[in-house]
Amino acid sequence: MADTPATVFLKTHRVSYTEHEYAYVEHGGTQVSARSLGVPEHEVVKTLVMQDDAGKPLIVLMHGDRKVSTKNLARQAGVKRIEPCKPEAAQRHSGYQVGGTSPFGTRKKLPMYMERSILELPKIYLNGGRRGFLVGLAPGEILRTLDPQLVKVALEE
């Protein structure tokens with residue numbers, strides 16, 4: 001399997017990870033990947049590209065079965081408002097196609113926020129840099145390699 005910017009980043013930072021391919025379904029989200037891998041959707045972590053009221057991009061890592069409270073995130077980030085980016089803007093900022101966005105190996109380093117409870121899981125699965133491809137790793141590796149700001153902004157889906 002060809003490397004992606006994400007797997008190159010993981011190898012460069014000596015992160016131990018597993019690779020998992022699945023049949024990508026347009027708008028299938030984490031439900032499809034969790035079912036394909038046979039893991040709880042809570043352990044599949046979404047990489048969401050959002051922007052603040054000044055149009056500055058940021059990444060939010062969230063459990064697959066939860067939504068982001070943009071109001072709480074804006075408060076914790078110290079900005080007026082946060083909203084999802086349009087797909088073309090998200091791709092421009094991250095360098096990844098929507099549905100294949102990884103927090104690792106982004107085109108430019110973006111401020112990153114991670115739902116604190118993700119750290120309670122023994123292993124998580126997140127996008128490996130292309131549609132239909134997840135990497136499994138210990139959540140502590142995100143802290144070590146990306147230094148995200150930990151937040152509590154999850155809402156039940």
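How many nonpolar, polar and charged residues are there in the lining of the largest pocket? Hold that thought, everyone, and keep in mind that what we have here is a predicted model.

Let's start with the pocket itself. The space in the largest pocket comes to about 840 Å³. It is lined by 35 residues, and the closest to its centre are Lys46, Thr47, Leu48, Val98 and Gly99. Back to the opening question: by class, the lining has 16 nonpolar, 12 polar and seven charged residues.

So where does that lining come from? Strand 2 gives the largest share, seven residues. Helix 2, helix 4 (87–94) and strand 7 (124–130) are also on the list, each supplying at least two residues, as does strand 2.

Now, helix 2 deserves a stop of its own. This helix covers residues 29–37, and buried in it are Thr30, Val32, Ser33 and Ala34. What lies over those buried residues? The cover includes strand 2, at 44–52, and strand 8, at 133–137.

Is Glu83 buried, partly exposed or exposed? Its relative accessibility is 31%, so Glu83 counts as partly exposed. If we set aside neighbours within four places in sequence, Glu83 is in contact with Met50 and Gln51. And if you look across to Leu58, it is 25 residues from Glu83 in sequence, while the C-alpha to C-alpha distance is 9.9 Å.

Technical notes:
Residues numbered from 1 in each chain as written. Predicted model: local features only at pLDDT ≥ 70, side-chain atom pairs only at ≥ 80, totals over all residues. Heavy atoms only, no water. Buried < 20%, exposed > 50% of the residue type's maximum accessible area, 1.4 Å probe, protein only. Helix = DSSP H or I, 4+ residues; strand = E, 2+ residues; numbered from the N terminus. Contact = heavy atoms within 4.5 Å. 1 Å grid on protein atoms, 1.4 Å probe; cavity = no way out; pocket = protein on both sides within 12 Å on 5 of 7 lines; lining within 4 Å. Points joined across faces, edges and corners; volume = space filled by probe spheres on them. Nonpolar A, V, L, I, M, F, W, Y, C, P; charged D, E, K, R; others polar.
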